Amino acid sequence: MADEPAPAVPPRVVSLYNPANILTVVRIILVPVFVAIVVASGLADNGSRIAACLVFCLASATDFVDGWIARKWSMVTSFGKIADPIADKALTGTALILLSAYDRLPWWVTVLILAREWGVTALRFWVIRYGVIAASRGGKLKTVLQIAAIAWYLWPVPSPADVVGPWLMGAALVVTVVTGGDYVVQALRLRRDH
Ligand SMILES: O=P(O)(O)OC[C@H](O)CO
C-alpha cells in the first residue's frame, strides 16, 4: 500500500496584537511622558531627575520583557522584529538628545550614537525585501550598556560615583560602533546573495 501523505499542518498564526507587541507600543507611548518630565523640569532638581530616570527605566524594562515573552510563547512577528529596535532607538535617542540639550552629555556622543542607530534602521529597510536583520547579541548588549549609561546620567548620582557614567557611556559607544559595522556586513551579504 502506498504511503499516505502526511496531513498538512497549518502554520501557527501569531496575532499582531500579542502581549510582546503591545509592550513595544507601550515603550513608544512612554517616550512623550519622559520628554514631558524632562522639559517641564529641565532636570534642575533631584526629584525631577529621579522621576525621569524611573520612567526611562520602566520604558526600558518593557524591552527585556517583550523579548522574553516573544521567545517564551513563540510570539515573534516580523512587526516585532522591526518595531522593537525602532522603539529602543526612539527611547534612547530621545534621552540622549535631552541629556545633551541640558548640558549633561557632549553633543558628539549623541550625534555618533544617533548616526549609527538610524543608519542601521535605514539599512534594515534597504534590505527588507531580502530578509529581516534581527537584533544581534552584540546589539542587545549595546542597548543594555546605553540604558545603564543613560540611567546613570539621569539619576542624581553623588560625586565620587559620577565618574562611572562616562565609563559606561564609553563602553556603550564602542559596542554601538562595532555592532553597527557588523550590521553593515550582514546587509551587504544579504544583497550579494540575492
Ligand atoms: O543594535 P540594534 O539596532 O539591533 O538594536 C538592538 C535592540 O535594541 C535590542 O533590543
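Tutor: Let us begin with the polar contact, which is a pair of N or O atoms within 3.5 Å; within protein, one must be able to donate a hydrogen and the other to accept it, and residues adjacent in sequence count only if both atoms are side-chain atoms. This is a predicted model, in which local features need pLDDT of at least 70 and side-chain atom pairs count only at pLDDT 80 or more, while totals for chains, interfaces and linings use all residues. Residues are numbered from 1 along each chain as its sequence is written, and side-chain values use heavy atoms, with hydrogens and water left out.

Student: What lies 2.3 Å from an oxygen atom of the ligand?

Tutor: That is a polar side-chain atom of aspartate 88. For threonine 143, a polar side-chain atom lies 2.8 Å from a ligand oxygen atom, and for arginine 116 an N or O atom of the side chain is 2.9 Å from an oxygen atom of the ligand.

Student: How many residues surround the ligand?

Tutor: A residue is near a molecule if one of its heavy atoms lies within 4 Å of it. Here 13 residues surround the ligand, and the closest are Asp88, Lys89, Arg124, Thr143 and Tyr183.

Student: Which classes make up the shell around the ligand?

Tutor: Ala, Val, Leu, Ile, Met, Phe, Trp, Tyr, Cys and Pro count as nonpolar, Asp, Glu, Lys and Arg as charged, and the others, Gly among them, as polar. The shell around the ligand holds eight charged, three nonpolar and two polar residues.
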